[in-house]
Amino acid sequence: MDTDGTRETRPDRTGHIPRPAAPPKPSHAPASGPTLGDWLRVPRSSDGPGVWTYGHVPRAAEEPEETPTRQLISGALISLLAGLLLWSLLVNKYLGGFWLWPLYMFTPDSWAQTTAAVVAAYVWYGIVIGVLVFGFGRLGRWPELLRRLLRSRAVRPLHTAAPTGPEAGSEDDPARWPELRGVGLGEVADRLEGEAGGGRMNDVDYTRIRRAWDSVRVDPSRMRAFADSVRDKGAGACVHPSGARDLPVRAARHDLLARQVLLGTVEDGVRNPYARRGTSLALDPDVLGTSLLAVGPSGTGKTRQLVRPVVESLALQALAGQAAVVAVGAAGAQLGPDAAYDVVVRIGDPASVYDLDLYGGATDPDEAATLLAEAFVGDVPGTDVRRAATALAQLLGPFRAAHGRFPAVPELRELLDGLPAALDALRRELDGQPAMLRELDARTRQHGAHGDPGAALADRVALLDRPAFAGFFDTTGQGRPFSLRALEHPIRVRVDLPERGHADASRMLARLLLAQFNAAAAARADRSLFAFLALDDASHTLTSQTVRGVQRLRSAHAGVLLTLRTLDDVPEELRTPLLGAVGCRMAFSGVTTWDGKRFAEAWGTEWVETRDVTHRTVFADQPLTRAIHAFRKLVTGKAVTTDAVTVRQVERERWSASDLAHAVPPGHAVLSLTSVRGERAAPLLVRLAGSA
């Protein structure tokens, strides 16, 4: 035993010193911040999209006019000197003795030469001095100057009155579940209140149970099951299918009651609207439902300061039964630990538990062919995607009719290459199905003809028919394929793409996932969950069809997050439609002027007030005036001038291309937001959370 009380570590027989055992991993993070009850009682208000509503106090719409401090000081000195001059004139009787008449009228003659007369005189002097101080003080604005000097700023209406939350223990206290008590479920409310008071309920539990209660209000037949579940499990009632009640780690600040994640702080500068300066900025499904495009060079924090917080927020909402999220990125991207997801698909990793359904869960050959054609040749110049979809459908339909499933990657490659053995085997399986035989014969006749997309499709399928992908994209039912048809469930999915060794295949799979997401989100029968796809690095993945699909997502209660290093990674003919398809646009620091020009065009112009000051030299005619001007020029070093001020309303860009390229500091971004209801927030310069 060492002297400090710790046990000495001795070497074993081989001379190796064993490593001391690590302490057990804590089951949950240490408690910090406000309690659940205090968090619930904080008022939440919003005066525009993107406002962090937690404890938000709205600001005035316009900045009040403020008198310069120098002008206040000069006015106060002038009024003070004027007051002293008037008092001197009164005391020395240069203005007569009229100001003493009230003293003589109300003072008895018997008080003459007495102490009472002296006291009365000093009282009257104090009254007169008080009147002078009040009058000249108001004239010189002394109170405003005093407040300016004491607080370094004048007291002005920066904010409206701060809203107040309900009192603890009151009838409308959300921690007491007044909605349940109002329908006679007092016992259930007491159980939940006790769970919150005992520290056994977190924000995810509260949000999840509240959503379950909202579903009970829609369908009252579920009330008995809801009440029994809460009585039996308390805060663990209505838990997520995974059994998780929180994420293993949180990298951002979240407000699940408002479904928001804190992104940063709006800079307190003239480039931002006065009402938003200094306020916190957050993202929620209301703005993410219009989709978000973020552009910035590598190393500016797109993944760490944008993608990860947004994905984390939606993963928490999935645990609360409110959302379904799919995060797609390169293998090794910091999108959160594996334990934060229900499904982790590592394409190209033999240790991956889950596989990816190449056909997106489609059962119709034409639908599956359309999705595959968009992913395979949607970025190939001069290739007709519709003809490619027809060529694929002519093979997928007969194969499914013969085998009851779609072909695996090697089988699809053989059919696209037109191998006689593969086609003859399929033709034998189709005996007795003349319609499918006609489809197969049509594909055989078109193979190798001018303009046939089969060769391009075969080349793209060959990218997936590699030893690294052996065992993936299985269609025989032996694996555990993930399909985007699961978006109707509150699921958390992460897809790791093999970007390093198979860049072309990764981009093709990213296009496929984006096309499948657009189709699956729009085809959902139950759209109560917010479906979201975060595509970390969407370079070379966008096509004309997927851009149109992104624009239609807002009506399907879904959205996407796309990040790009530069807009040059998007075909030139799609750059303007892409900026028009998304409702939220974000430019990180370091973008090029070419990218800045596109953003400047998308954000448009605004009317601003400009002041043009013209200085004109004054030439005096009188000798005395010329002498005074010469003396003033000798003292100040400047000629005597007059100023002509011209005020105009001009139309200027909100953010110019040069400003976006050179005036955005590191760790900042310019972000514009649009909600699904059509509310808009002008481009804001935001200091991102976590930046130095």
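The accessible surface of the protein comes to about 36300 Å², and carbon and sulfur atoms hold 54% of that area. Areas follow the Shrake-Rupley method with a 1.4 Å probe; for residues, only the protein chains shown count as cover. This is a predicted model: local features need pLDDT of at least 70, side-chain atom pairs count only at pLDDT 80 or more, and totals for chains, interfaces and linings use all residues. Residues are numbered from 1 along each chain as its sequence is written, and side-chain values use heavy atoms, with hydrogens and water left out.

**Overall shape**
- The C-alpha trace spans about 135 × 75 × 70 Å along its principal axes.

**Packing**
- Of the 692 residues, 43% are buried (under 20% relative accessible area, 1.4 Å probe, protein chains only).
- Among contacts (heavy atoms within 4.5 Å) with a separation of 6 or more, 74% join residues 24 or more positions apart.

**Glu312**
- Glu312 sits in helix α11, residues 302-319 (helices are DSSP runs of H or I, at least four residues, numbered from the N terminus).
- Glu312 counts as buried because its relative accessibility is 5%.
- Beyond its neighbours within four places in sequence, Glu312 touches Leu247, Val249, Arg250, Ala251, Ala252 and His254.
- A polar atom of the Glu312 side chain lies 3.1 Å from the backbone nitrogen of Ala252.

Key: Buried < 20%, exposed > 50% of the residue type's maximum accessible area, 1.4 Å probe, protein only. Helix = DSSP H or I, 4+ residues; strand = E, 2+ residues; numbered from the N terminus. Polar contact = N/O pair within 3.5 Å; in protein donor to acceptor, adjacent residues only side chain to side chain.
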